[in-house]
Amino acid sequence: MPARILLIEDNPDNMDLMAYLLEAYGHVTLAARDGETGVEIARRELPDLIICDIQLPKLDGYGVIRELRRHTDLRNIPVVAVTAFAMAGDCDALLAAGFDGYLSKPIEPESFVGQLERFLPDYLRSNSLGFDFDRPEDAQHERPEHS
């Protein structure tokens, strides 16, 4: 069973790269180009994971996380910020706001999916979707960390 991952990102190139990487690992992506639409899609679709930029039109990432955490059906969905704000203290501010984690931009394609899969239950990780990390043809996929 693939994970359904909502990407809230206004930069088309970033959106395309993240969707490509996640889909290559068997996940299904949903897309929103602004914060308001992202919250609407999250309410309607109840994704397994939400990836959210911070600088967004209409409703920024902090507004998105406030809205998501207000709703009973959405408050337990893991939300990971993906942002160019990578200064000291930014991670603490994002976690304090309610994000479950954060990744800095530009993303590292080689490790992006593995980093995000730490926020998914084991049965939704790509190694549960048929990747055998001991086979050479699957070795380019990062082995997700198990919690």
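Mentor: Let us begin with a definition: a residue is called buried under 20% relative accessible area, exposed over 50%, and partly exposed in between, with a 1.4 Å probe and protein chains only. The structure is a predicted model, in which local features need pLDDT of at least 70 and side-chain atom pairs count only at pLDDT 80 or more, while totals for chains, interfaces and linings use all residues. Residues are numbered from 1 along each chain as its sequence is written, and side-chain values use heavy atoms, with hydrogens and water left out.

Trainee: Is Lys 58 buried or exposed?

Mentor: Lys 58 counts as exposed, at 63% relative accessibility. Its backbone also deserves attention: Lys 58 has a positive phi of about 70° although it is not a glycine. Leu 46 is another non-glycine residue with a positive phi, here about 45°. Leu 46 is partly exposed, with a relative accessible area of 41%.

Trainee: In which loop does Leu 46 lie?

Mentor: We must first name the elements: helices (H or I, at least four residues) and strands (E, at least two) are DSSP runs, numbered from the N terminus. Leu 46 lies in the loop between H2 and S3, whereas Lys 58 lies in the loop between S3 and H3.

Trainee: How many salt bridges does the structure hold?

Mentor: A salt bridge is a side-chain nitrogen of Lys or Arg within 4 Å of a carboxyl oxygen of Asp or Glu. The structure holds nine of them. One of these joins Lys 58 to Asp 34, with the closest N and O atoms 3.9 Å apart. Lys 58 is in the loop between S3 and H3 and Asp 34 in the loop between strand S2 (28–32) and H2, so this pair ties together parts that are 24 residues apart in sequence. Asp 34 is buried, with a relative accessible area of 10%.

Trainee: Which residues are linked in a network of salt bridges?

Mentor: Arg 4, Arg 44 and Glu 45 are linked in such a network. Arg 44 is exposed at 57% relative accessible area, and Glu 45 is partly exposed at 28%. Elsewhere, the side chains of Asp 122 and Arg 125 meet in a salt bridge of 3.2 Å, N to O. Asp 122 is partly exposed at 38%, but Arg 125 is buried at 1%.

Trainee: What does a side-chain oxygen of Asp 60 reach at the start of H3?

Mentor: The side-chain oxygen of Asp 60 comes to within 3.1 Å of the backbone nitrogen of Tyr 62. A polar contact is a pair of N or O atoms within 3.5 Å; within protein, one must be able to donate a hydrogen and the other to accept it, and residues adjacent in sequence count only if both atoms are side-chain atoms.

Trainee: How is an aromatic pair described?

Mentor: A pair of aromatic rings is described by the distance of the centres and the angle of the planes. Rings of Phe, Tyr and Trp (its six-membered ring) pair if their centres lie within 6.5 Å; planes under 30 degrees apart count as stacked, over 60 as edge-to-face and the rest as tilted. The structure holds one aromatic pair. Tyr 62 and Phe 99 form it, edge-to-face, at 6.4 Å centre to centre and 85° between the planes. The pair links distant parts of the chain, 37 residues apart: Tyr 62 is in helix H3, and Phe 99 is in the loop between H4 and strand S5 (101–104). Tyr 62 is partly exposed at 26%, while Phe 99 is buried at 3%.

Trainee: What order do the five strands of the open sheet have?

Mentor: Strands of a sheet pair through backbone hydrogen bonds, either parallel or antiparallel. Two strands pair if DSSP finds at least two bridges between them. Here the order is S2-S1-S3-S4-S5, with parallel pairing. S2 and S5 are the edge strands, each pairing on one side only. Four bridges join S4 to S5, and Val 82 has Leu 103 in S5 as its bridge partner.

Trainee: Where is the place of Pro 106?

Mentor: Pro 106 is in the loop between S5 and helix H5 (112–117). The peptide bond from Lys 105 to Pro 106 is cis, with omega near -5°.
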